[in-house]
Amino acid sequence: MQPASEHGAAVAMRPALYRVIEVGRETADAVTLVLQPAADGIASALPGEFNMLWASGVGEVPVSCSALSGMGLLVHTIRDVGRVTHALCSLTGGGVIGVRGPFGRGWDVGSARGKDVVIIAGGLGLAPLRPVVHAILGRRTDFGVVSLVVGARSAAELLFRAELDSWWHERRIAVRTIVDRPSSGWAGSVGIVTNELRRVTFDPGNSVAMVCGPEIMMRVVATRLTERGLPPTRTLLSLERNMQCGAGVCGHCQLGGAFVCVDGPVMTWDVVAPLLAVPEL
Ligand SMILES: Cc1cc2nc3c(=O)[nH]c(=O)nc-3n(C[C@H](O)[C@H](O)[C@H](O)COP(=O)(O)OP(=O)(O)OC[C@H]3O[C@@H](n4cnc5c(N)ncnc54)[C@H](O)[C@@H]3O)c2cc1C
Ligand code: FES
């Protein structure tokens with residue numbers, strides 16, 4: 001019999017087959033896939049965890065869960081940026097892919113109970129944060145003031161537009177959107193996420209921030225939050241690095257002494273800041 005850890009690693013390497021049951025177009029280059037297990041599925045994920053999605057004959061990439069389903073379904077929102085993501089974004093209903101996971105350390109939503117929560121997403125960064133918003137809305141009275149700031153290059157590139165509108169109309173959380181380039185009919189803010197963040201009020205002594213987006217945006221946002229008195233230990237960021245195994249075996253995702261696939265992708269700013277200060281680490 002294998003030792004438990006080797007057995008765990010072996011299981012983590014074996015993809016389970018999933019069938020596409022729904023494809024939703026989010027933007028010109030991003031889709032949301034809903035996947036159903038073709039036989040035995042994988043374990044359910046927590047907010048911020050990711051799966052390795054394998055397109056047969058093309059390759060495998062890490063993709064966050066953009067919603068959590070209690071019925072064994074997987075929901076992933078994918079932007080077409082290269083070979084594997086293109087194959088995944090080209091899938092239609094009935095298509096089959098392999099899935100390994102869930103992997104990683106996600107958002108510690110429990111640590112935000114009783115606190116104000118500031119959620120900041122840039123572009124596709126809203127995908128891994130959407131399960132956090134769902135979890136908070138499911139237990140809204142457990143949290144203080146909750147603010148969501150979403151930035152995108154243009155209105156057409158905002159993900160989950162209908163859901164964002166419904167969150168805004170319900171006013172159970174404060175939703176702010178900002179775009180780099182306004183289009184006709186856009187009545188919201190124009191500029192970068194950090195401009196909009198200035199308008200968000202929170203109690204730095206009793207708040208948690210969760211940030212996901214391009215690395216440069218996360219660095220600036222985390223720095224601004226620290227300047228406003230939020231302790232770096234309560235600023236959570238989701239990092240991206242190239243990954244191969246997803247399970248702490250191959251070393252592809254190494255960042256300093258950490259493996260992003262097992263020590264992250266969600267890490268706190270006090271840990272991440274010194275690592276990102278080293279060029280090309
Ligand atoms: C933990 C984690 C969660 C992720 N969640 C999502 C998600 O929810 N939705 C989504 O669309 N994408 C997500 N990504 C990014 C996704 O994995 C990459 O876009 C994908 O690996 C690109 O592979 P490709 O073969 O399509 O592109 P390639 O042909 O390999 O590369 C195309 C471009 O993407 C860049 N790239 C390649 N791999 C990565 C990577 N891992 N991270 C960042 N840039 C990369 C390359 O430098 C190149 O510029 C996540 C990545 C990580 C690490
Ligand atoms: S992807 Fe292999 S160790 Fe992280």
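Me: Which helices and strands each supply at least two residues of the shell around ligand 1?
Reply: This is a predicted model. In it, β4 (59-64), β6 (74-79) and α2 (83-89) each supply at least two residues of that shell.

Me: Which of them gives the most?
Reply: β4 does, with four residues in the shell around ligand 1.

Me: Which residues come nearest to the ligand?
Reply: Pro62, Thr77, Arg79, Thr85 and Asn242 come nearest, out of 19 residues around ligand 1.

Me: And by class, what is the shell made of?
Reply: The shell around ligand 1 has ten nonpolar residues, five polar ones and four charged ones.

Me: What does the side chain of Thr85 do at ligand 1?
Reply: One of its polar atoms lies 2.5 Å from an oxygen atom of ligand 1. The backbone of Gly82 also has an N or O atom 3.4 Å from an oxygen atom of the ligand.

Me: What about the nitrogen side, where does Glu240 come in?
Reply: An N or O atom in the side chain of Glu240 is 3.0 Å from a nitrogen atom of ligand 1. As for cover, ligand 1 has 850 Å² of accessible area on its own, and the protein covers 70% of that.

Me: Which pocket does ligand 1 take up?
Reply: The space taken by ligand 1 is the largest pocket.

Me: Moving on to Asp80. Where is it?
Reply: Asp80 is in the loop between β6 and α2. Those two elements each supply at least two residues of the ligand shell.

Me: How far is Asp80 from Ser90?
Reply: Their C-alpha atoms are separated by 8.8 Å, and the two residues are ten apart along the chain.

Me: Now His76. Which strand is it in?
Reply: His76 is in strand β6.

Me: Buried or exposed?
Reply: His76 is buried, since its relative accessible area is 0%.

Me: What does the His76 side chain contact?
Reply: There is a polar contact of 3.1 Å between the side chains of His76 and Asn51. A polar atom of the His76 side chain also lies 2.7 Å from the backbone oxygen of Ser64.

Me: Another one: which side chain does Ser189 pair with?
Reply: The side chains of Ser189 and Glu196 are joined by a polar contact of 2.9 Å. Ser189 lies in strand β11, residues 189-190.

Me: Why does Ser189 count as buried?
Reply: Its relative accessibility is 18%, and buried means under 20%, so Ser189 falls in that class.

Me: What is the phi of Phe160?
Reply: Phe160 has a positive phi of about 50°, although it is not a glycine. The residue lies in the loop between β9 (146-154) and α4 (161-170).

Me: Buried or exposed there?
Reply: Phe160 counts as buried, because its relative accessibility is 4%.

Me: What is phi for Arg171?
Reply: Phi of Arg171 is near 60°, a positive value in a residue other than glycine. Arg171 lies in the loop between α4 and β10 (174-181).

Me: Why does Arg171 count as exposed?
Reply: Arg171 is at 58% relative accessibility, and exposed means over 50%, so Arg171 qualifies.

Me: Last one, Thr32. Where is it, and how far from Ser66?
Reply: Thr32 is found in strand β2, residues 30-37. Thr32 and Ser66 are 34 residues apart in sequence and 8.2 Å apart in space, C-alpha to C-alpha.

Me: And is Thr32 buried or exposed?
Reply: Thr32 is buried, with a relative accessible area of 8%.

Conventions:
Residues numbered from 1 in each chain as written. Chains lettered and ligands numbered in written order. Predicted model: local features only at pLDDT ≥ 70, side-chain atom pairs only at ≥ 80, totals over all residues. Heavy atoms only, no water. Near = heavy atom within 4 Å. Polar contact = N/O pair within 3.5 Å; in protein donor to acceptor, adjacent residues only side chain to side chain. Areas by Shrake-Rupley, 256 points an atom, 1.4 Å probe, with all protein chains shown as cover. 1 Å grid on protein atoms, 1.4 Å probe; cavity = no way out; pocket = protein on both sides within 12 Å on 5 of 7 lines; lining within 4 Å. Sits in = over half its atoms within 2 Å of the grid points. Nonpolar A, V, L, I, M, F, W, Y, C, P; charged D, E, K, R; others polar. Buried < 20%, exposed > 50% of the residue type's maximum accessible area, 1.4 Å probe, protein only.
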